[in-house]
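Subject: Structure handover

Hi,

Here is the structure for you to look at. My notes follow below.

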Amino acid sequence: MNKFGIENVITEKATVELADIANGIKVTFTGDIDVQNPEPIFVPFFEQIHNKVIQNSVKYVELDFSKLTFLNSSGIKTLIKWITKVTPLPADQKYRFKIVANSEITWQETSLKMLAMLAPGLIEISIK
Amino acid sequence: MDLFKNVKNGFIEMIFGPRWTYIATVRTFLQNFLSITLADNKWADVISMAASELLENAVKYASEEGTKIQVEHKKEDNKLFLHVENFSYQDNIKILQKEIEFITSGDPQEVYLKKMQEAALRTDGGSQLGLARIRYESNASISFDVEGDLVKVTVIFDLK
Ligand SMILES: Nc1ncnc2c1ncn2[C@@H]1O[C@H](COP(=O)(O)OP(=O)(O)O)[C@@H](O)[C@H]1O
Ligand SMILES: [Mg+2]
């Protein structure tokens, strides 16, 4: 369990886990996100994290995709919705993301790089 | 009987009812198959991702039974043709036409970024990202044909 008391998302083919780390929180994606409608599963989960991060003045969120083998475009949309919630926030509420990508999973470098371009200055990308 | 005559080009064809659960199976099969056929594993990943996105559309926007996927590797030209066919409604077909016109009109990265910015504001289920994603991640050309209610989307990958 994490300090926010938020439950992990566990679906048939994917898990998304939230964990505390020294300087913030870490969200680890595993498996394949390829359901027809990922929004009702992931949007509320990301919103919960977003709200707690602001309430608790957390400034750093790591998104680790290195074990996510597939993500469909509707899944990408749920991440876009999260990230674009942060860009309009006032400076004292803003937080930074670090995206961890796996160079052996072809789509990650391209599509995750684009997420970083959506919110310039807010997202750092690390490709392993 | 020409079973052994068409060995010059690799060819795969699958036909199934529009069911979501087939998509992952077909994606995994293509990824495995193409990673043997094509020298560069990256292409197997990119092409199976594209097939998966197109099949999602073929299932989501189907108006009746029947989904067909064809993969043809034209070795001499070093090109791979991916076709996905389904029946659909005219209003979706019109949207598809507009989408393809838009995403093939500009730089793949700029178009994808624009679509992402639009997706952030959408509240319906659709993302309108799939086709732009395919173009950006593969640099492939995307086109489509319509015959009545039958839609065929074609993606051509330049494997050079
Ligand atoms: N195979 C298809 N048959 C009918 N309409 C389609 C098909 N593929 C795409 N479309 C139309 O084109 C739009 C864009 O497709 P896409 O970029 O994959 O986004 P999304 O699937 O999120 O809606 C769809 O919303 C749909 O209206
Ligand atoms: Mg789609």
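Which atom of B:Leu131 lies 3.1 Å from an oxygen atom of ligand 1? A backbone N or O atom does. Keep in mind that this model is predicted.

Ligand site

Alone, ligand 1 would expose 530 Å², and the protein buries 97% of that. There are 16 residues around ligand 1. The nearest are B:Asn57, B:Tyr61, B:Asn86, B:Ser127 and B:Gln128.

Nonpolar core

In soluble globular proteins, nonpolar side chains tend to be buried together. In this model, the largest nonpolar core has 90 residues. A:Val27, A:Phe29, B:Ile69 and B:Phe157 have the most contacts inside it. Helix α2 of chain B gives the most to this core, with 11 residues.

Look at B:Ile69 in particular. Setting aside residues up to four places away in sequence, B:Ile69 touches B:Ile12, B:Phe16, B:Leu55 and B:Val84, among others. B:Glu13 and B:His83 are also among the residues it touches.

One serine

B:Ser52 lies in helix α2 of chain B, which spans residues 41–60. Is B:Ser52 buried or exposed? B:Ser52 counts as buried, because its relative accessibility is 1% and the cut-off is under 20%. Beyond its neighbours within four places in sequence, B:Ser52 is in contact with A:Phe70, B:Ile23 and B:Arg27.

Best wishes

Technical notes
Residues are numbered from 1 along each chain as its sequence is written. Chains are lettered from A and ligands numbered from 1 in the order in which they are written. This is a predicted model: local features need pLDDT of at least 70, side-chain atom pairs count only at pLDDT 80 or more; totals for chains, interfaces and linings use all residues. Side-chain values use heavy atoms; hydrogens and water are left out. Helices (H or I, at least four residues) and strands (E, at least two) are DSSP runs, numbered from the N terminus. Buried means under 20% relative accessible area, exposed over 50%, partly exposed in between (1.4 Å probe, protein chains only). Contact means heavy atoms within 4.5 Å. A nonpolar core is a set of buried Ala, Val, Leu, Ile, Met, Phe, Trp, Tyr and Cys residues joined through side-chain atoms within 4.5 Å. A residue is near a molecule or strand if one of its heavy atoms lies within 4 Å of it. A polar contact is a pair of N or O atoms within 3.5 Å; within protein, one must be able to donate a hydrogen and the other to accept it, and residues adjacent in sequence count only if both atoms are side-chain atoms. Accessible areas come from the Shrake-Rupley method with a 1.4 Å probe; for residues, only the protein chains shown count as cover.
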